[in-house]
Amino acid sequence: MNKFVYLKLIFITFIISILSSHSYSFQYVDLLRSGGFTYNLLQKRIDILSPDDFFGFQLTADRVLVNYGQLLEYYKYLAKNSKNLLLEHVGYSTEGKDMYQLILSSRKNINNLEAILLEQSKIADPRNLPKDRVLKIIENQPIILFVGLSIHANEITATQMAPLFIYEILNMDREYIEEVMDKIILVISVTINPDGLDSVTHWYWDTLGSPSEGTTPPYLYQKYAGHDNNRDYFMNNLNETRVWSTQLFKRLFPVIVYDIHEMGPTGPRFFVPPFHDPANPAIPSTTIRDIELIGGAVSSHLAEFNLPGIVTNGIYDMWWHGGLRPSPNFHNQIGILTEAARVNIATPIEVNFDDLIGRLGIPTTKGRYINFTDVWNGGTWHSSDIATYERETLKALIEVSIKYRKDLIRRFYERNVDAIELGRTNSPYGYIFNIDENDRGKVLTLMEILNFQGIELHVVKSLLNVEGETYPPNSFIVFLSHPQRQNILALLEKQSYPPRFLYPGGPPEAPYDIASWNLLEQMDIKAKELNQPFPAFLMTELEKIEPTIEKSARFQDTPRNRRIKFLKKLEKIGLKPVGQVVGVAGHDGGYIFTPDDSNFAIVVNRLFKEDINLYKTTKNVKILDKIFPPNSYVVPADKINYKYLEMLAHELAINFYGFENINHLTLSFVSKKRVALYESYNANYPTGWTSFVLDSNEFEYKKIYNSSLKLPDLKKHYDVIIFGSESYKNILNGQEENYPEKYIGGIGNKGVENLKNFVKDGGTLLLIDKATDLAIEGFKIPVINILKNLPEEEFYCPGSVLNLVINKVNNPLLSGYAGQTYGYFKNSATFEVLEKGPKVLATWPSNPDEILASGWMEGESIIAGKPAILDVPLGEGHVILTAFDIIHRGQPHATFKLLFNVIYADFAQ
């Protein structure tokens with residue numbers, strides 16, 4: 001090579017390097033949009049196997065799936081062979097599977113990950129961040145984008161698409177990946193729900209080639225929640241939710257959270273934000289505008305690639321709080337959702353153009369609109385089609401995130417600063433919880449929920465007087481001068497959903513999910529708003545409980561262990577236990593406790609487990625100047641170890657009161673009931689949530705299925721049978737087609753007759769919400785549901801908290817209740833009693849204006865003063881009907897005691 005050619009080559013190389021250093025984003029866009037990566041002779045790529053080569057087949061092809069273990073094998077292989085990928089263990093699923101996330105970035109970012117996350121935490125909570133440091137952090141900080149895959153396990157394509165996308169990124173030319181990915185940290189969950197991924201995958205494999213091919217499993221694909229696992233992102237009941245909430249709200253603090261879903265097959269092909277109205281007032285304006293910016297970039301990118309059928313500004317709103325996508329908005333993050341028209345798991349479907357329908361915000365998908373610019377003409381729809389839309393969306397998200405990196409990070413920082421300042425200058429300034437005026441167990445549960453998602457708490461050390469009221473030690477304060485101000489308000493303030501109708505005088509326009517989720521009402525907790533800035537000199541009277549990141553062990557992240565961990569936090573700052581044993585009983589004495597404390601059920605169940613005799617009072621009892629009502633619980637002193645009782649008091653925040661002579665009391669023996677929970681093959685998630693509440697409160701029970709109820713003499717085996725909210729049609733008929741014979745059918749008329757005989761023989765049957773039709777229609781009891789078949793124009797309540805009036809009668813089913821509580825109503829029922837016999841235990845308020853506590857309702861006068869809970873005697877037994885879901889998603893702790901009381905009630909006494 002002569003000197004001239006050599007110098008010319010050097011000059012060309014130099015010019016290329018200069019251009020690439022100033023235009024990497026354009027080169028990157030070209031790469032992303034090419035459908036593959038060009039090979040640059042001056043640069044080298046890592047030689048890694050593609051997913052197709054690794055697995056030996058093409059991912060996202062028709063009728064092809066890989067399960068969770070197979071995905072992990074490939075990701076472990078990639079992480080071992082690429083320094084741009086980190087496979088990080090993040091926790092355990094409900095059924096004990098290891099959970100992982102993938103972190104994809106430049107080598108420099110991977111090597112400095114913890115330092116980057118420390119800087120990100122300062123942006124997320126800038127209370128101690130000097131302003132002169134902010135610009136420097138923003139200048140150098142990569143933007144963090146979190147991607148959640150297949151939280152709904154039957155929406156499975158995202159998990160199958162991800163290996164293809166990640167391989168595509170890792171297979172970029174070395175210089176590109178180091179330069180481009182230096183601006184972003186891409187975090188991808190292997191799957192949000194590993195138990196569900198395996199459940200759906202194995203069901204699909206087992207049914208492939210049969211009439212059941214492409215069906216969703218006839219059982220819950222998350223042990224407790226099934227499809228409702230995306231309704232838990234403020235309550236954090238589920239292990240999986242707690243794993244990802246930790247990453248989102250306490251460790252990674254991503255600026256953007258992208259949640260990938262699938263929707264019905266006959267509407268649009270793909271949903272991209274912006275969202276539909278209404279927008280929750282707790283969500284900052286710049287969050288909404290950033291969603292518009294990012295969504296617009298994505299839909300523009302998809303249109304450029306001629307991907308039709310994309311809808312924006314429809315279907316999904318910005319009101320609700322509880323999902324993986326909407327919850328980050330209340331934490332000042334940017335929640336992005338896409339929904340692809342689904343196939344039958346991995347089996348393609350045929351969609352005729354004539355069968356295409358509209359959805360909310362788009363009258364039809366057969367015509368062109370501003371928010372639906374390209375019509376899809378129907379045909380065969382494949383998993384690979386879904387994967388194409390999702391992969392291109394990810395590319396567009398990376399492109400827009402890098403392009404607007406500094407602006408997006410800066411606005412995230414500013415939203416956090418604004419929240420802190422609003423909390424410092426605007427009322428309410430905080431909430432204070434008087435521990436003595438509330439159910440201690442429920443207050444501790446709420447405080448753990450808040451603290452878990454990153455909110456620090458303050459605890460009163462000694463008597464505190466503030467704003468004219470005195471608060472005892474162990475009362476809690478939640479201040480609103482906090483970056484999560486919007487989240488706190490959204491959880492503790494009443495929601496007032498703006499009424500919306502499809503057209504004037506027409507039916508209501510349904511919220512995407514629910515209208516209200518207020519935790520103070522759902523849990524029946526009283527809190528005092530602080531209407532003045534908290535005096536600085538009183539801060540010395542408080543102790544702070546900081547949020548922490550706690551690693552959980554397999555099968556150990558139970559409600560019991562969460563409670564113990566939280567109480568240990570209190571002990572570490574030197575606070576006295578919330579519950580205690582008051583007084584010491586003599587040998588002939590005992591200890592008394594009441595169901596006023598919601599954790600009483602755990603005490604009872606542990607005493608049963610220890611074979612310790614337990615009794616109930618039958619009338620008012622005065623002990624230590626305190627009046628204990630009928631149905632208070634008594635344990636003889638000679639049957640229980642004092643230290644064990646003290647441990648129960650401390651762990652469960654319950655007070656036990658000792659007295660001298662048990663023989664002076666009129667008591668009834670509490671027998672341990674044989675409890676059964678019906679589970680259908682309809683994958684009914686209210687039943688799953690009922691199971692969660694029973695497990696959380698340490699009940700022993702048995703799940704029974706259709707075959708069990710077709711057998712006679714149920715009373716020989718069970719004392720109490722529970723039906724979670726499920727329609728009578730589903731209970732009666734079950735799965736009717738396309739399933740293996742084992743899963744076909746419901747309890748049938750024979751099962752209905754056997755249940756009726758079970759009650760007549762002395763059993764107790766609890767029917768919740770929609771299951772009440774089993775007795776109304778199946779048993780022909782003298783009760784009707786007055787809302788049955790009522791048009792929505794006349795009555796409508798799409799998920800709201802209602803005031804509930806408890807009748808003041810000496811009934812064991814009402815133990816622990818005073819005159820009023822709250823019920824969660826979601827298109828539920830209201831009763832009319834047709835003849836004497838049924839006992840009315842609770843009603844809705846007689847004044848229509850006092851029924852709605854939080855949310856949205858139309859037609860209140862129809863249910864005013866009407867029964868909401870009934871006890872219907874039948875033969876020797878009882879049918880208990882609750883018109884609303886007393887378990888709803890494991891959230892309304894206010895009504896859990898109704899479930900407990902039904903199980904413990906002994907009507908014969």
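How many cavities of 30 Å³ or more does the structure hold? Please describe what lines them.

Modeller: This is a predicted model, in which local features need pLDDT of at least 70 and side-chain atom pairs count only at pLDDT 80 or more, while totals for chains, interfaces and linings use all residues. Residues are numbered from 1 along each chain as its sequence is written, and side-chain values use heavy atoms, with hydrogens and water left out.

The structure holds nine cavities of 30 Å³ or more. A cavity is a set of points, on a 1 Å grid over the protein atoms alone, where a 1.4 Å probe fits but cannot get out; lining residues have an atom within 4 Å of a point. Points are joined across faces, edges and corners, and a volume is the space filled by probe spheres set on them.

The largest cavity has about 440 Å³ of space. It is lined by 25 residues, and Thr445, Pro559, Arg563, Ser696 and His893 are the closest to its centre. Helices here are DSSP runs (H or I, at least four residues), numbered from the N terminus. At least two lining residues come from each of α15, α18 (559–572), α21 (685–696) and α26 (896–904). α15 gives the most, six residues. The lining has ten nonpolar, ten polar and five charged residues. Ala, Val, Leu, Ile, Met, Phe, Trp, Tyr, Cys and Pro count as nonpolar, Asp, Glu, Lys and Arg as charged, and the others, Gly among them, as polar.

The second largest cavity has a volume of about 100 Å³. Its lining includes Phe608, Lys672 and Tyr904. α19 (600–609) and α26 each give two or more residues to that lining. α19 gives the most, with three. By class, the lining of the second largest cavity has five nonpolar, one polar and five charged residues.

Methods: 1 Å grid on protein atoms, 1.4 Å probe; cavity = no way out; pocket = protein on both sides within 12 Å on 5 of 7 lines; lining within 4 Å.
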